[in-house]
Amino acid sequence: MTEWTFLTNHAHVLLCITEDHDIRLRDLAERVSISERAVKRIVADLERTGYISRQRFGRRNRYEIHTDQPIRSPLARTLEIGALLSLLVPFVSPTI
């Protein structure tokens with residue numbers, strides 16, 4: 001039987017960034033159990049679609065999550081990403 005999960009790697013990366021806005025790509029890769037190259041692609045996707053933005057501080061990035069963005073799903077497009085994140089990471093307020 002093939003392994004599967006309810007959440008995609010994009011969701012896992014977004015959750016990790018929600019918990020630590022200063023997380024390094026290397027640490028993201030380790031936590032999500034994917035390659036650093038895959039994490040770079042996912043972060044670029046999240047940035048391109050407006051879910052996150054990043055600011056450079058020296059050699060580090062700081063990520064900001066835009067919780068007002070709609071979830072990209074035909075069934076949940078009326079929900080904002082902040083609502084989903086607040087369910088999955090209870091200590092995060094929807095106004096991150």
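This is a predicted model: local features need pLDDT of at least 70, side-chain atom pairs count only at pLDDT 80 or more; totals for chains, interfaces and linings use all residues.
Student: How are two packed helices described?
Tutor: By the angle between their axes and by the distance between those axes.

Student: OK, what are the values for H2 and H3?
Tutor: Helix H2, residues 25-32, packs on helix H3, residues 36-48, at an angle of about 105 degrees. Their axes are 8 Å apart.

Student: Are they roughly parallel or roughly perpendicular?
Tutor: H2 and H3 are roughly perpendicular, because angles of 65 to 115 degrees count as that.

Student: Which residues meet there?
Tutor: From H2, Leu25, Arg26, Leu28 and Ala29. On the H3 side they meet Glu36, Val39, Lys40 and Val43. By class, this contact has 5 nonpolar residues, 3 charged ones and no polar ones.

Student: Switching to H1. Which of its residues are buried?
Tutor: Helix H1 spans residues 9-19, and its buried residues are Val13, Leu14, Leu15, Cys16, Ile17 and Thr18.

Student: And what do those pack against?
Tutor: Helices H2, H3 and H4, plus strands E1 (52-57) and E2 (60-65).

Student: What caps the N-terminal end of H1?
Tutor: Thr8 does. One of its side-chain oxygens lies 3.3 Å from the backbone nitrogen of His10.

Student: Now H4. What's buried in that one?
Tutor: In H4, Ile81, Gly82 and Leu85 are buried. They are on the same side of H4, because they cover an arc of only 95 degrees around the axis.

Student: What do they pack against?
Tutor: The buried residues of H4 pack against H1 and E2.

Key
Residues are numbered from 1 along each chain as its sequence is written. Side-chain values use heavy atoms; hydrogens and water are left out. Axes are lines fitted to C-alpha atoms, for helices over the stretch in contact, and angles run from 0 to 180 degrees between N-to-C directions. Helices (H or I, at least four residues) and strands (E, at least two) are DSSP runs, numbered from the N terminus. Angles under 35 degrees count as roughly parallel, over 145 as roughly antiparallel, 65 to 115 as roughly perpendicular and the rest as oblique. Contact means heavy atoms within 4.5 Å. Ala, Val, Leu, Ile, Met, Phe, Trp, Tyr, Cys and Pro count as nonpolar, Asp, Glu, Lys and Arg as charged, and the others, Gly among them, as polar. Buried means under 20% relative accessible area, exposed over 50%, partly exposed in between (1.4 Å probe, protein chains only). A polar contact is a pair of N or O atoms within 3.5 Å; within protein, one must be able to donate a hydrogen and the other to accept it, and residues adjacent in sequence count only if both atoms are side-chain atoms. The arc is that of the directions from the helix axis to the C-beta atoms.
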